[in-house]
Amino acid sequence: MKKKLSLVMLSAIMLFTLSACGGNAATNSGNQSSNAAGSQTGTDETAATEELKPEEGAELRLWTFITDLKPFTDYALKEFEQKYNIKVTVEDVGYWDSIKRLSTDGPAGVGADVFGLQTPDVANAVQSGLVLPNDYFEEDTKSINKPDTIAAATHDGILYGYPWNVYTFSLYYNKDLVKDAKLETWDDIIAFSKKFNDVKNNKFGFLYEPKTSAFDVAFMTGYGGYIFGNNETDVNDIGINNEGSVKGMQFIQSLHEIIPLELADVTNNLKGGLWAQGKLAINMDGSWAIGEHNKQPFPVGVLPMPKLPGGENAMPLAGSTGYYVSSYSKYPNAAKLLAHFITTKEMQIKNNELTGALPAANISGTEQGIRNDELTQGFLKQIASSHRFPGLYETKYVWPALDAAIADVWKGGDPKAALDKAAQKLKSDIANQK
């Protein structure tokens, strides 16, 4: 499950948003009762939970990971059921599957009451009428979480989500293989890899998945590139072919020298297998894999994204995961209570303690309950030096355009021409969307 989680979460970061065809649930009776109950906003958490009453006989269904999050889910739901006497059934549904599943299961009455979504899918869920606003706990939610996670859970000025954790990626390294090598810049990493590489024996100094364009954006933003303007909120300002993005793409092309493989062959499975075998020294991977890397039989450290040649530090995309209340829920009050309960600051810290997930809440690395291991602390610092993941509905058109550009450049194509073509495709897809 760990491999599945890592692979699919990477896919969820960069794949276009799933199309949902569920009907508008605005006339759902659950919406009406929810709006009535949510007419007052609780500014005090205790007061709010006392004022919002769950429906009589409420039973809830939660869609989330079962295996990977079991320690936290078991703990949180036990506490919730004891407090509210509401039974919660958990089903193993990935965040990337929620929209497609709910668009059919919701109208059939067998969908989740509360489910998880990541940044790229929020706009689609809202526009498909699948989620209720986070109205009752809005002020409390905003007060405890990082601004970018609130923005990611908001659509057209309305907060829908209950942020839960954040994710980004950086460079894990095998201390036994790297030893005392200098790795302060990308020039250092390239120089190390040239000496370390033994391609015939499948040994590599550095690997990442260049065909996954969400990774590649880190090098583009490091030179001043971006996807959408105004901090990834202005769809009319396309930045994937600006001067910085082109320079970043030129750097990506140069990495082919130390990753002399066909684009399709540089997969997460290959990278993960070589890493586990001790044949990969530096591994670009996500914060969601902290727990897995902490269990390796060799000592693992994490490097912040180093400085690019002649530029600033590479800036990886960072997104967030939150829980959402289904507009099809028969028990919207109870569902709001659950979504809020499992995403409080205290529960986010508990989740970090039990699973390693990084909280969406405003916390410091020294806050009581936060893991003090090197990987957790390293990624908390990387989150602070990352680039906001665009949460617009139009983001789904970005990845096919960039993927095609990467494929061209990896084969030796001109970076500017490839990105100009990608930008034109992105603009066309946005203009012609239905």
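This is a predicted model: local features need pLDDT of at least 70, side-chain atom pairs count only at pLDDT 80 or more; totals for chains, interfaces and linings use all residues.
## Overall composition

The chain contains 20 helices and 14 strands. Of its 434 residues, 58% count as buried.

Strands of a sheet pair through backbone hydrogen bonds, either parallel or antiparallel. In this model, four strands form an open sheet in the order 8-10-7-11, with mixed pairing. Its edge strands are strand 8 (204-207) and strand 11, each of which pairs on one side only. From one strand to the next, the twist averages 25°.

Strand 7 (residues 169-174) runs antiparallel to strand 11 and is joined to it by four bridges. In this pairing, Tyr 173 stands opposite Gly 301 of strand 11. Strand 7 is also antiparallel to strand 10 (residues 280-286), to which five bridges join it. Here Leu 171 stands opposite Met 284 of strand 10.

Helix 10 (residues 186-196) lies across strand 7, strand 8 and strand 10, and runs at about 135° to strand 8. Helix 18 (residues 374-384) lies across strand 7, strand 10 and strand 11, and runs at about 10° to strand 11.

## Packing of helix 19 and helix 20

Two packed helices are described by the angle between their axes and the distance between the axes. For helix 19 (residues 398-410) and helix 20, the axes come within 9 Å and cross at roughly 160°. An angle over 145 degrees counts as roughly antiparallel, and helix 19 and helix 20 are therefore roughly antiparallel to each other. Their crossing is right-handed. Helix 19 contributes Val 398, Ala 401, Leu 402, Ala 405, Asp 408 and Val 409 to the contact, and helix 20 contributes Pro 415, Ala 418, Leu 419, Ala 422, Lys 425 and Leu 426.

Ala 418 belongs to helix 20 (residues 415-431). Because its relative accessible area is 5%, and buried means under 20%, Ala 418 is buried. Leaving aside its neighbours within four places in sequence, Ala 418 is in contact with Ala 405, Asp 408 and Val 409. Ala 418 and Ile 406 are 12 residues apart in sequence, and their C-alpha atoms are 7.8 Å apart in space.

## Loop residues with positive phi

Most residues other than glycine have a negative phi. Asn 85, however, has a phi near 55°, a positive value in a residue other than glycine. Asn 85 lies in the loop between helix 4 (70-84) and strand 2 (87-92). Asn 85 counts as exposed because its relative accessibility is 70%.

Lys 179 likewise has a positive phi, near 55°, and is a residue other than glycine. Lys 179 is found in the loop between helix 9 (175-178) and helix 10. With a relative accessibility of 67%, Lys 179 counts as exposed.

Notes:
Residues are numbered from 1 along each chain as its sequence is written. Side-chain values use heavy atoms; hydrogens and water are left out. Helices (H or I, at least four residues) and strands (E, at least two) are DSSP runs, numbered from the N terminus. Buried means under 20% relative accessible area, exposed over 50%, partly exposed in between (1.4 Å probe, protein chains only). Two strands pair if DSSP finds at least two bridges between them. Contact means heavy atoms within 4.5 Å. Axes are lines fitted to C-alpha atoms, for helices over the stretch in contact, and angles run from 0 to 180 degrees between N-to-C directions. Angles under 35 degrees count as roughly parallel, over 145 as roughly antiparallel, 65 to 115 as roughly perpendicular and the rest as oblique. A crossing is left-handed if the near helix is turned anticlockwise from the far one by less than a right angle, and right-handed if clockwise.
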